[in-house]
Amino acid sequence: MKIYLETLGCQMNQLDSELLLGRFRARDWDIVDSAKDADAVLYNTCSVRDLAEQKVYSRLGRDSRRKLDRNAIGRVYVIAVFGCMAQRDPKELRRRCKGLDIICAPGQIEKLPELLEAAADAQLAAIQPLESDALAAPAPMPAIFTDPKRTEAPDTAAEARIDQLDLTRDPELRSSKSQAFVRVARGCNNFCSYCIVPYVRGPERSREPSHILDETRRLVGAGVSEVTLIGQTVNRYCHTAGDVTTSFAGLLETLHDLDGLRRLRFVTSHPSGFGRETLEAMRDLPKVCEYMHMPAQHGSDRLLAAMNRGYTRSDYDALVDLAREIVPGVTFASDFIVGFPGETEAEHQATIDLMRRVQFKNSFVFKYSPRPGTAAAKTLTDDISDEVKKRRNNELLDIQRETGLTHHRSYIGQQIEVLVTGKSRRSEKQDSPATGETMQLMGRTRGDHIVLFDGAQAMVDSYQTLTITDANDLALFATL
Ligand code: 5AD
Ligand code: SF4
């Protein structure tokens with residue numbers, strides 16, 4: 001079978017897609033780069049903002065038309081949607097896309113290889129009846145597999161099966177030789193008022209530490225030297241079995257002992273999840289990188305409360321100060337939402353003030369998008385016009401450009417260790433030079449800075465110490 005898989009959204013989805021591609025390859029299925037070359041198209045979807053959902057609907061419109069054309073010439077074209085949209089509103093998906101074969105929530109995706117095979121067989125039987133007297137089977141309805149809602153009892157058998165997807169991953173099948181994501185938790189219990197994640201990804205469940213250790217050990221054994229632990233609120237990781245509780249700091253300590261591991265990172269952190277213990281672990285465990293992606297979302301106390309973030313502006317400021325005191329050289333990244341209901345100009349200024357104070361290495365800025373079913377969508381009117389959202393969005397990006405430039409420039413003249421991750425985008429676009437020739441390469445520092453420098457392809461996946469010669473708002477430039 002030829003598979004086309006498109007991934008939208010966060011690192012959770014990226015990891016899920018990687019694990020699934022491993023399963024598909026194990027069945028000798030081909031992975032193709034374009035939907036038109038595929039027998040089955042899959043979308044790993046995101047529901048965090050409306051834009052991401054609309055993108056999928058437009059793809060599905062095109063695919064439904066293609067499916068009719070394919071079936072008319074006796075060929076199959078299976079269409080599958082999985083991830084957050086499948087859990088958020090499967091009925092809407094079915095209503096808006098008649099050609100859809102499979103709808104599969106995040107906790108059910110280990111079924112996808114079997115479901116794809118079954119859907120392809122059913123389609124073939126319908127379009128190519130073997131016996132002349134055999135009636136064509138009715139067009140299969142989409143097979144819908146959802147996760148239990150938060151109000152329903154958890155499906156422990158499904159939970160155990162989905163954990164096997166991570167645990168039995170093939171450590172050789174990855175997009176990068178040196179880097180890998182490892183999931184430490186699923187779900188979220190924070191219920192930030194704007195956010196759909198707690199509804200579509202379910203309650204927070206921390207994975208068994210021995211499973212995380214086994215998986216990481218196998219990855220490191222296969223050559224991975226930089227592991228990024230992922231979780232919706234990764235630093236809130238906490239696992240209890242009997243009378244043994246493993247904290248996030250404890251987990252970092254356990255993984256840190258693995259020989260061959262050089263860097264340990266984690267995303268995304270919640271500001272209220274950082275105690276001294278984790279910051280001190282970051283300081284004391286040399287493999288743990290000095291980087292905190294810790295979304296502030298807003299700079300105003302009223303908005304932080306309306307967003308149900310669980311901290312105030314001064315809590316956030318104090319945490320940044322404490323982290324800078326305990327973890328020398330730590331860098332910060334943040335997410336911000338502009339145009340949350342009722343956001344005044346003065347409140348928007350409070351975010352600008354926060355950005356100037358903290359000097360984030362980088363920030364992701366989003367325009368508020370009401371998500372059906374969330375507290376904000378139910379109780380507040382989306383009253384900030386798109387024009388104002390756009391302007392505020394651009395203002396924050398301008399501030400980030402300024403602070404990003406100052407931040408990156410402060411590294412000029414320093415020598416920094418970089419993990420070389422691949423060719424730069426510029427070199428990707430150009431034809432590959434012959435082996436041995438230099439090209440522009442890209443790497444990452446421990447602080448998550450992007451570094452661009454000229455080197456040989458053979459350096460990819462190695463660690464190099466570079467001299468920083470220049471910088472812009474997003475990247476450092478260096479020489480060997
Ligand atoms: N509208 C806009 N941005 C959102 N985010 C989450 N939900 C919404 C929403 N409804 C942003 C937050 C989060 C990031 C992943 O997406 O900033 O940190
Ligand atoms: Fe959404 Fe808040 Fe949970 Fe992040 S912490 S996933 S923003 S509810």
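This is a predicted model: local features need pLDDT of at least 70, side-chain atom pairs count only at pLDDT 80 or more; totals for chains, interfaces and linings use all residues.
Local features here need pLDDT of at least 70 and side-chain atom pairs count only at pLDDT 80 or more, while totals for chains, interfaces and linings use all residues. Residues are numbered from 1 along each chain as its sequence is written, and side-chain values use heavy atoms, with hydrogens and water left out.

Let's start with the helices (DSSP runs of H or I, at least four residues, numbered from the N terminus). A packed pair is described by the angle and the distance between the two axes. For α12 (residues 313-326) and α13 (residues 345-358), the axes come within 11 Å and cross at roughly 10°; axes are lines fitted to C-alpha atoms over the stretch in contact, with angles from 0 to 180 degrees between N-to-C directions. The two helices are therefore roughly parallel to each other (angles under 35 degrees). On the α12 side, the contact (heavy atoms within 4.5 Å) is made by Arg313, Tyr316, Asp317, Val320, Asp321 and Arg324, and α13 brings Ala350, Asp353, Leu354, Arg357 and Val358.

Now for the second largest pocket, with a volume of about 370 Å³. A pocket is an open set of points on a 1 Å grid over the protein atoms alone, where a 1.4 Å probe fits, with protein on both sides within 12 Å along at least five of seven lines; lining residues have an atom within 4 Å of a point. The volume is the space filled by probe spheres set on the points, which are joined across faces, edges and corners. Of its 26 lining residues, Glu159, Arg201, Gly202, Pro203 and Arg205 are the closest to the centre. Helix α6 gives the most to this lining, with 3 residues.

Terms used: Chains are lettered from A and ligands numbered from 1 in the order in which they are written. Angles under 35 degrees count as roughly parallel, over 145 as roughly antiparallel, 65 to 115 as roughly perpendicular and the rest as oblique.
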